[in-house]
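This report goes through selected features of one protein chain. Please keep the sequence and the structure at hand while reading.

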Amino acid sequence: MTTTFRRLLINTLVANVTTTFLSFGFAFWVYLVTHSVLAASLVSGVSMLIGAASGTIFGAVVDSHRKKTAMALSTSITGVAFALAGLLYAVVGRQLTDWHGPWFWAFTLLVLVGSTAGQLRSIALSTAVTLLVPADRRDKANGLVGTVTGVSHLITSVLSGLSVGFVGMGGTVAIAVVFTGAVLVHLLVAIHLDEPRPEHHDRTRIDIRSAWQTMRAVPGLLPLVLFSTFNNLIMGVFMALMDPYGLNLFSVQSWGLVLGLTSIGFIAGGALVARFGLGRSPLRLLMLANVAIAIVGLGTAAREWQSLLVLGMFGFMLVIPVAEAAEQTILQRMVPFEKQGRVFGFAQSIETASTPIAAFAIGPAAQFLLIPYMDSTAGRTTFGWLLGEGQARGIALAFIAASLLMLIVVLLAFLSTAYRRLNLSYTAELVPA
């Protein structure tokens, strides 16, 4: 890998650490101050909704500007949003803890907008891999990106829990602001990307039609995106409920340490891809990874044991970078470079649009239906043999149902015509890299 790419990975590592440090800390803080699964799921859903709405816009920005410019814009938006959130926290104080009030949601939006801006950098980085890395090494480069994500997850998981536990939310925001500034300075001073200026006709337009036509032109690519959309619908259940589930079993400091420990799996998964690549069929590996995720989801919630949750999350983290690297490698190979930003962004918008639906639906369902049901005699009698006993068995029931549905759909996808067509298209390299 080139020196420029390595510097970019280091900059991305610090940027990811900073944004996820605050977003993780914020998620912990929300549940701790509200003690409401509904509030936590609504915040998670709003975050996903902002991400889904911004993907297409971010993709257009990436295609219409140099990649370094897009990354600098991403970091600037994050820094401004986090600084305003810190100012609001200092001025309003304890009123922020009332999740029924406007100040809580104003603070929430600022934190989420700052965190979501990191997706602009992510799209730009995916296209930068195409720019900087030869086609036959991109799978391994994507593995390195996954490793960087895992390292940032490990660092922030540990530090977020400790930060919220010991210095509070205000101190956590202040730390994020300082490091965001450092990331921007390093990006502007130390990194140079040798890339052409985008053509005039490609500038400024949010071209959904072009992204749609590009995806449809590749046999099987649109079904792949729709498949990922369904998977994100299922994963939205886990994203919305995992922190409440974990915080029922661990203190906030311990839960941060658990997230950090299990992030070693993310690092290992990315490192395996970086070392061995994805083979001749990344699509097959993507499908197998989703089978593994569903099986892990089924097993993790079977009992309310701390050890089982840690083991399950480690397995989940191990497989995720393989699936993400596989999808990124397929898109980088099949989509022309000058359209990759739009396609990555549009695909992200489609895929993540389903996640807030799951979050908004599962939060009230868990709060008012599943948790009371599993606390009742009828619930324990009906599902006690499967789920055991504990305070979070209602959340566990949601995890089991979502994982089972995901497993069925992935197995059916293996038999589909779209799977075979995309596999053949990738192998034949119908679209030059």
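## Basis of the values

This is a predicted model, in which local features need pLDDT of at least 70 and side-chain atom pairs count only at pLDDT 80 or more, while totals for chains, interfaces and linings use all residues. Residues are numbered from 1 along each chain as its sequence is written, and side-chain values use heavy atoms, with hydrogens and water left out.

Helices are DSSP runs of H or I with at least four residues, strands are runs of E with at least two, and both are numbered from the N terminus. Accessible areas come from the Shrake-Rupley method with a 1.4 Å probe; for residues, only the protein chains shown count as cover. A residue is called buried under 20% relative accessible area, exposed over 50%, and partly exposed in between (1.4 Å probe, protein chains only).

## Salt bridge

A salt bridge here is a side-chain nitrogen of Lys or Arg within 4 Å of a carboxyl oxygen of Asp or Glu. The count by this rule is one. R393 pairs with E304, and their closest N and O atoms are 3.2 Å apart. This pair links distant parts of the chain, since R393 is in helix α15 and E304 is in the loop between α11 (282-300) and α12 (306-334), 89 residues apart. R393 counts as buried because its relative accessibility is 2%.

## Surface patches

Patches are made of residues with over 30% relative accessible area and no salt bridge; like charges are joined within 9 Å, and nonpolar side chains (Val, Leu, Ile, Met, Phe, Trp, Tyr) within 5 Å. Lys and Arg count as positive and Asp and Glu as negative, whereas His and the chain ends are not counted. Each charge is placed at NZ of Lys, CZ of Arg, CG of Asp or CD of Glu.

R6, R137, K140 and R275 make up a positive surface patch. Of these, R275 belongs to helix α10 (residues 252-276) and counts as exposed because its relative accessibility is 54%.

A nonpolar surface patch consists of I10, V14, F166, V167, I175, V178 and F179, which together have about 670 Å² of accessible area. Helices α1 (3-34) and α7 (168-190) each supply at least two of its residues. The largest share, three residues, comes from α7. V167 is located in the loop between α6 (138-166) and α7.

S254 is partly exposed, with a relative accessible area of 31%, and its C-alpha is 10.0 Å from that of S157, 97 residues away in sequence. L272 is partly exposed too, at 46%.

L405 lies in helix α15 (residues 393-414) and is partly exposed because its relative accessibility is 40%. Apart from neighbours within four places in sequence, L405 is in contact (heavy atoms within 4.5 Å) with F230 and I234. L405 and L42 are 363 residues apart along the chain, and their C-alpha atoms are separated by 23 Å.

## Backbone at H35

Which residue has a positive phi although it is not a glycine? H35 does, with a phi of about 55°. Most residues other than glycine have a negative phi. H35 sits in the loop between α1 and α2 (37-64) and is exposed, with a relative accessible area of 62%.
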